[in-house]
Amino acid sequence: IVNIGSVDIMKGRPLVQIEHDFRELINLMFKKGFTPILTTLAPLANFAHDEITKTKLERFNNFIKKEGEFLLVMDIWACLVNERGHILFDCFQK
């Protein structure tokens, strides 16, 4: 199960680099005979009011879904936001 990228996003790494590293990991897994299960990233509740970080996270989640077109993708993001895309803060630690 591949769930990576949250820390990279919080640290401000460029999205293109995170995507590159993600692809390299997935390709390595295939070369080793593993079929990865991908997950979208959960909302970063502490960064909910930071539009740049939120947008970057949403773009990366769209990238994951696109990369996983022929793989199993567990959409964690969708489980932790409402129909308007607002974070369900009651799902997070208080």
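Here are a few exercises on a predicted model, each with a worked solution.

**Exercise 1. Helix H2: length and sides**

Check whether the end-to-end span of H2 fits its residue count, then work out which side of the helix is covered and by what.

*Solution.* 
- Step 1: H2 runs over residues 15-31, which makes 17 residues. The expected span is 1.5 Å times one less than the number of residues, so H2 should span 24 Å. Its end C-alpha atoms sit 24 Å apart, and that agrees.
- Step 2: List the buried residues of H2: Leu15, Ile18, Glu19, Phe22, Ile26 and Met29. They cover an arc of only 100° around the axis, so they're on the same side of H2.
- Step 3: Ask what does the covering. The cover over the buried residues of H2 includes H1, strand S1 (38-39) and helix H3 (51-67).
- Step 4: Look just past the helix. H2 is followed by Gly33, and the phi of Gly33 is positive, near 90°.

**Exercise 2. Salt bridges**

Which residues are linked with Arg13 in a network of salt bridges? Then look at Lys54 and Glu58 in H3 and say how far apart they are along the helix.

*Solution.* 
- Step 1: Take Asp8 and Arg13. Their side chains meet in a salt bridge at 3.1 Å, N to O.
- Step 2: Arg13 also pairs with Asp21, where the closest N and O atoms are 2.8 Å apart. Put together, Asp8, Arg13 and Asp21 are linked in a network of salt bridges.
- Step 3: Check accessibility. Asp8 is partly exposed at 23%, Arg13 is partly exposed at 25%, and Asp21 counts as partly exposed at 28%.
- Step 4: Now the pair in H3. Lys54 and Glu58 form a salt bridge with closest N and O atoms 4.0 Å apart. They're four residues apart in the helix, so about one helical turn separates them. Glu58 is partly exposed, at 30% relative accessible area.
- Step 5: The count for the model comes to five salt bridges.

**Exercise 3. Two residues from the start of the chain**

Are Ser6 and Ile1 buried or exposed?

*Solution.* 
- Step 1: Ser6 lies in helix H1. Its relative accessible area is 19%; buried means under 20%, so Ser6 is buried.
- Step 2: Leaving aside neighbours within four places in sequence, Ser6 is in contact with Leu41 and Leu44.
- Step 3: Ile1 lies in the segment before helix H1 (6-10). At a relative accessible area of 71%, Ile1 is exposed.

Notes: Residues numbered from 1 in each chain as written. Predicted model: local features only at pLDDT ≥ 70, side-chain atom pairs only at ≥ 80, totals over all residues. Heavy atoms only, no water. Helix = DSSP H or I, 4+ residues; strand = E, 2+ residues; numbered from the N terminus. Buried < 20%, exposed > 50% of the residue type's maximum accessible area, 1.4 Å probe, protein only. Arc of directions from axis to C-beta. Contact = heavy atoms within 4.5 Å.
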